[in-house]
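Me: I'd like to learn how to read a two-chain model, one feature at a time. Can you walk me through it?

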Amino acid sequence: MTKEEKLSTKFETRDIVVPGDLLYEGRIRTGENTFRREGNVYSNKVGLVSYSQDRVSVIALEGTYTPLVGDLVVGMVIDIALGQWVVDINASTDAILTITDAINKSFRTNFDMTKVLDVGDVVVAKIVDLDRRRTPILSIVGRELGKVHEGFILKITPSKIPRLIGKKGSMINMILRETRCQITIGQNGRILINGRNREDEELVVKVVHKIETEAHTSGLTNRIQEYLREIKEDRK
Amino acid sequence: MSKTTKKKTTKRKTSKKWARVDGRKPDELRPLHIESGVIPNADGSAYIEMGRNKIIVGVYGPREMHPKRLSKPNSGVLRCRYHMAPFSVDPRRSPAPSRRDQEISMVITDAIEPALFLERYPRSVIDVYAEIIEADGGTRCASINAAAVALADAGIPMKDLVSSCAAGKYEGKIVLDLGDYEDKKGESDVPVAYLPKIDQVTLLQMEGIMTQEETEKCIELAIEGCKQVYEAQKEALKKKYGMVEGAEEKEEEPDEEETVEEAEEE
């Protein structure tokens, strides 16, 4: 960091900021969760500020889910309309899944949609298209996508999903290894858990809860690993 | 302040020194306590105690709006509900929303809206529910304060927090943050909501009779009060992320930390 930049930064990296806090005076790129007003950069969420060479951003501590193309989401079918299912994906608008995105073959007009998905079904889907003005479009054609038959859903704050995954999947891989459960993480804050027995599943619930409450702290992966070992030893 | 009114007040009161009913200084706020994240099932929430006011606020959304016809195609909608619990005042009041509740709901909506980026959520709604558990004057200000904290706690993008505080005239003196007694016995009441960092007033109401100079003084004093409230709001938001047991100090090894940008699903 040059001397000039240091004068303009108002916080240390990883300080907690609140909406409206002045983060940077002068020219710099605005990263996530920041906005520019009168040439200066401000935070618009509660989070940890992060300064890099050419940009300033805020890592949100709380946040609702904003759909992005390519996201894997866990949704629930809430309605069937003409040629499409309406899926609740925990975003500000409901998502749409059309028949062509649901089955990878031709179909007739009298196609019975409930045979593929019915209201109340849970799906693992990918967001394939998005318009700021329009609803997200989903697809369940693909590997590991489609209707969910067993397991249960755990909900966490969507902004904490990256911590659950960890750096290059370090956190989630560790949890998978230690608990031997099948875990599907939806970017929308819904986690699908399917374990071999109740105890393993409960272990995942405990760990995810701990990650959620301590997401803003450092050295989390190691602490979670210790925590898992402790619980396991208690059981023996 | 004119000399005649001062004489009057000293005459009426046996003690020489003028004091407010609760012994506060003229520019002193009531004891203020704010807590964030108190309702686990809400997207964001806050609880405020401002004097004897006790208010709990829940924020839900942005979510799909029902009924759909009320949604806007080009922007989100902020919907606030101010409601006084039947037991919040003496005598008990009817739980049905009154004319006053409706008006204050609207006033709160208008006071908070400038701080939000509603255009980012077309066809959606952000619901804010403020429930008055105990009322002691200045509930609209306290509701706005709690609602701003709850919105930030919900992770809804905001330009600034909204702080609110009233000033008024009581026994001929300009005082800050009137309680229920001062509100009713006093001559005038000016609630103000303020965006502290942007330096904008988003709510300004006035009740009673005052001269122009007194009104200006009231607004200035109320803004000073808002700034004090702002500090308490900030503290409430940060307090939720206090130290976690066993966690390392954040300054120690920032390099080893997995950052959000780098986190990717394999």
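Reply: Across the interface of chain A and chain B, seven residue pairs are in polar contact, both residues at pLDDT 80 or more. A polar contact is a pair of N or O atoms within 3.5 Å; within protein, one must be able to donate a hydrogen and the other to accept it, and residues adjacent in sequence count only if both atoms are side-chain atoms. Keep in mind that this is a predicted model: local features need pLDDT of at least 70, side-chain atom pairs count only at pLDDT 80 or more, and totals for chains, interfaces and linings use all residues. Residues are numbered from 1 along each chain as its sequence is written, chains are lettered from A and ligands numbered from 1 in the order in which they are written, and side-chain values use heavy atoms, leaving out hydrogens and water.

Me: Which elements of chain A give two or more residues to the side that touches chain B?

Reply: Those are β4 (34-37), β7 (55-60), α3 (161-165), α4 (170-179) and α6 (220-235) of chain A. Helices (H or I, at least four residues) and strands (E, at least two) are DSSP runs, numbered from the N terminus. By class, that side of chain A has 14 nonpolar, 18 polar and 14 charged residues. Here Ala, Val, Leu, Ile, Met, Phe, Trp, Tyr, Cys and Pro count as nonpolar, Asp, Glu, Lys and Arg as charged, and the others, Gly among them, as polar.

Me: How many salt bridges are there between chain A and chain B?

Reply: Look for a side-chain nitrogen of Lys or Arg within 4 Å of a carboxyl oxygen of Asp or Glu. The count between these chains is two. One salt bridge pairs B:Lys240 with A:Glu62, with the closest N and O atoms 2.9 Å apart.

Me: And what area do chain A and chain B bury between them?

Reply: The size of an interface is often given as the accessible area lost when the parts come together. With a 1.4 Å probe and summed over both parts, the buried area here is about 4,100 Å², 54% of it on carbon and sulfur atoms. A:Glu62, A:Ser92 and A:Lys167 supply 14% of what chain A buries against chain B, more than any other three residues. In contacts (heavy atoms within 4.5 Å), 46 residues of chain A meet 46 residues of chain B.

Me: What is the angle between α3(B) and α5(B)?

Reply: Axes are lines fitted to C-alpha atoms, for helices over the stretch in contact, and angles run from 0 to 180 degrees between N-to-C directions. Helix α3 (residues 139-153) and helix α5 (residues 212-239) of chain B pack at about 35°, axes 10 Å apart. On the α3(B) side, the contact includes B:Asn145 and B:Ala148, and on the α5(B) side B:Val229 is one of the residues. By class, this contact has five nonpolar, two polar and one charged residues.

Me: Where are the cis peptide bonds in chain B?

Reply: Check omega. A cis bond joins B:Gly61 and B:Pro62, with omega about 0°, and B:Pro62 sits in strand β3 (residues 53-64) of chain B. The bond from B:Asp90 to B:Pro91 is also cis, omega near 0°; B:Pro91 is in the loop between β4 (77-84) and α2 (99-112) of chain B.

Conventions: Buried area = accessible area lost by both parts, 1.4 Å probe.
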